[in-house]
Amino acid sequence: MKHQAISYLRYSSKGQARGDSERRQEESFTRWLLQNADKYIPYEPFRDLGKSGYSGGHLASGGSLARLLQQAKDGLFEEGDLLVVEAIDRLTRLEPLDAIDLFKEILKTGLSILTLEDNQIYSTESVNSGGIALINLVIKSQASHEYSKRLGVRIKSAHEKKRASAEVGEANKVVGAAWLKNGKLFESIANLVRHAISMYLNGYGTRAIAIEITSKIKSCDAEVQRRYKKPISARTIRRWLDNPALIGNWKSKYKLIEGCFEPLIDYSTWMKVQNQLEFRKANKIVAGAVKHYKISGLVRCHHCGSPFTVRVQKPRPSKAAPFGSIEYESKSPIKYLNCSKYLKSGGCENNSTWPYQALDYIYERTINECLLQIAMELPISKEFEKKINNLTESISRNEEKLIRVRRLYIDFGDEKSEIEFLQLQNEVKNLREQREALILSNNHSRQNDGGEFLTDVDAVITCEPWELADEVGRRKILKDAEYSIIIDGKDAECWYSDVRWRLIKRNQRSRTYTLEEIQENNQSTNKYIAINDEGHVMATANSLRDLSNLLDTESDKVKQH
Ligand SMILES: [Zn+2]
């Protein structure tokens with residue numbers, strides 16, 4: 001009698017890596033099955049798409065692994081049936097102790113686990129006798145948990161490395177300014193900066209300089225033109241002028257490190273420029289500054305696609321802070337966002353108003369995933385992601401059907417099923433080819449778009465360092481990665497997250513906004529978050545009632561002080 005082999009696949013990252021990882025896992029299972037066709041027949045495959053083994057999302061109700069466990073507990077499998085995974089980390093990246101619990105649960109149902117990576121079989125027997133198998137499991141699950149953690153801090157540690165290398169003088173590892181390349185002057189841009197400095201010392205304002213430099217760029221070489229596709233702004237000019245890289249120093253987040261780069265100007269010119277900057281600032285000679293916000297341009301309307309614009313309102317006076325009082329003056333203005341098309345002409349039905357603080361919270365919760373994916377060379381087209389997802393899901397749907405039909409046709413010799421089986425087989429093959437072609441074409445278009453700094457981790461970190469980039473630079477990085485928060489009435493979502501948010505209401509007593517955090521496919525673990533006017537999270541809870549209790553205790557505490 002043949003035993004059943006259940007293939008389980010999980011991939012947590014989105015995009016191309018997901019396509020690759022899935023294909024790799026599928027192939028190793030198919031290869032193994034072919035070699036062992038005399039002993040095993042395939043059972044319905046289980047897949048968790050886009051679930052993280054780190055947080056246990058695949059175990060939550062609705063996850064395939066949870067379904068598989070339930071079937072095992074219901075006694076659908078027999079001693080000797082195999083759960084086949086590529087490696088132990090496909091099953092879990094939970095903390096080792098929790099991982100052991102999961103293994104125990106699986107093994108107790110009578111299933112054994114085969115890891116294709118090292119051809120190890122874990123069964124109750126092998127784990128109980130000898131103990132080596134168990135130790136092996138512990139070590140491996142520990143390693144995979146660590147791996148997930150490391151992935152999460154990857155960007156941070158790369159920044160650390162960059163800073164360290166700057167301190168030992170490896171200036172080629174950092175980029176401190178636009179006019180530098182590997183720590184040496186990049187003449188095409190250095191010339192522009194020299195010109196800007198001389199204009200500034202001759203009394204021109206930064207806005208006039210920006211216009212002049214923008215027109216000069218039109219006759220520059222292709223590389224410069226590619227870097228500055230948009231007109232230079234007065235802000236960019238100001239950033240050039242007060243950047244200590246002009247005299248070879250690097251201003252890291254922590255301290256100034258001298259002598260990192262080839263200097264562009266001498267010290268006395270530098271001092272002249274700095275004095276001028278101070279003088280003009282003191283005398284308020286500043287070009288008309290438009291106020292931008294961290295999330296400007298990153299929030300969009302689901303209905304019409306227009307950006308949400310930030311609006312600022314003077315705070316409302318209150319009894320405790322009457323108009324004109326110090327208390328009133330120290331209140332921060334109220335910032336909120338609306339669909340710009342709705343505001344302009346009423347041309348959009350999306351009339352919801354979102355507090356800035358709530359969107360800022362969503363932004364902070366989602367950009368790390370975006371940066372990580374940029375750093376991991378994942379595709380940056382949302383369109384592509386959608387197509388791949390749809391294809392992958394059709395493939396697994398059809399494959400599940402295929403297995404059911406195959407049984408009808410093999411076990412019962414049903415002729416109609418044979419035809420359906422062949423059709424389905426063809427369909428799956430077709431879909432796979434489509435996906436293959438899509439991945440290839442995406443790779444191709446990525447090579448051609450010339451977006452150097454968006455394609456790999458070193459580039460993101462060393463060429464356009466996130467931490468060194470100002471708000472404008474950061475928004476550009478995010479925009480190029482098609483990052484956006486999409487607003488549909490009271491609902492918000494971001495492509496870089498499996499979580500959605502709903503704006504609930506403002507709690508007047510505690511002066512907080514409430515967001516509901518909704519896990520996709522899993523209504524049970526929703527979370528409620530209270531965010532105050534400063535954008536700080538004041539409390540989180542699993543129900544609105546718990547949240548309001550927490551907030552009450554919190555405001556009582558404040559009153560006692
Ligand atoms: Zn709209």
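Tutor: Helices here are DSSP runs of H or I with at least four residues, strands are runs of E with at least two, and both are numbered from the N terminus. Please keep in mind throughout that this is a predicted model.

Student: How many helices and strands does the secondary structure of the protein come to?

Tutor: The protein has 561 residues, of which 30% count as buried. Among its contacts with a separation of 6 or more, 60% are between residues 24 or more positions apart. Counted as DSSP runs, the secondary structure comes to 20 helices and 20 strands.

Student: Which residues of helix α11 are buried, and why do they line one face of the helix?

Tutor: Helix α11 spans residues 234–241, and its buried residues are T236, I237, W240 and L241. In general, an α-helix has 3.6 residues a turn, so residues three or four places apart point the same way. Seen down the axis of α11, the buried residues fall within an arc of 140°, and they therefore line one face of the helix. The residues asked for are T236, I237, W240 and L241.

Student: At what angle do α8 and α9 pack, and is the arrangement roughly parallel or roughly antiparallel?

Tutor: Helix α8 covers residues 187–201 and helix α9 residues 206–217, with the two axes 10 Å apart. In the contact, L192, H195, A196, M199 and Y200 of α8 meet I209, E212, I213 and K216 of α9, and α8 passes α9 in a right-handed crossing. The packing angle is about 150°, which makes α8 and α9 roughly antiparallel.

Student: Which residues of α9 meet α11, and how far apart are the axes of these two helices?

Tutor: The angle between α9 and α11 is about 100°, so α9 is roughly perpendicular to α11. On the α11 side the contact involves A234, T236, I237 and R238, and on the α9 side T206, R207, I209 and A210. The axes of α9 and α11 are 8 Å apart.

Student: What residues of α11 does α8 meet?

Tutor: The axes of α8 and α11 come within 10 Å and cross at roughly 90°, which makes α8 roughly perpendicular to α11. From α8, the residues in contact are V193, A196, I197 and Y200. Their partners in α11 are I237, W240 and L241.

Student: Which residues make up the covered face of β15, and which the uncovered one?

Tutor: In a regular strand the side chains alternate between the two faces of the sheet. Strand β15 (residues 485–488) pairs with β11 in the parallel sense over three bridges, and with β16 (residues 491–494) in the antiparallel sense over four. R300 stands opposite I486, while the bridge partner of I487 in β16 is A492. The covered face of β15 has I485 and I487, and the uncovered face has I486 and D488.

Student: Which residue takes a positive phi in the hairpin of β17 and β18?

Tutor: Strands β17 (residues 499–507) and β18 (residues 512–519) run antiparallel and are joined by seven bridges, with W501 opposite E517 in β18. The hairpin has four residues between the strands, and the residue with a positive phi, near 50°, is R511.

Conventions. Residues numbered from 1 in each chain as written. Predicted model: local features only at pLDDT ≥ 70, side-chain atom pairs only at ≥ 80, totals over all residues. Buried ≥ 20, exposed ≤ 12 C-beta atoms within 10 Å, placed from the backbone. Arc of directions from axis to C-beta. Axes fitted to C-alpha atoms, helices over the stretch in contact; angles between N-to-C directions. Parallel < 35°, antiparallel > 145°, perpendicular 65-115°, else oblique. Left-handed = near helix turned anticlockwise from the far one by under 90°. Contact = placed C-beta atoms within 7 Å. Pairing = 2+ DSSP bridges.
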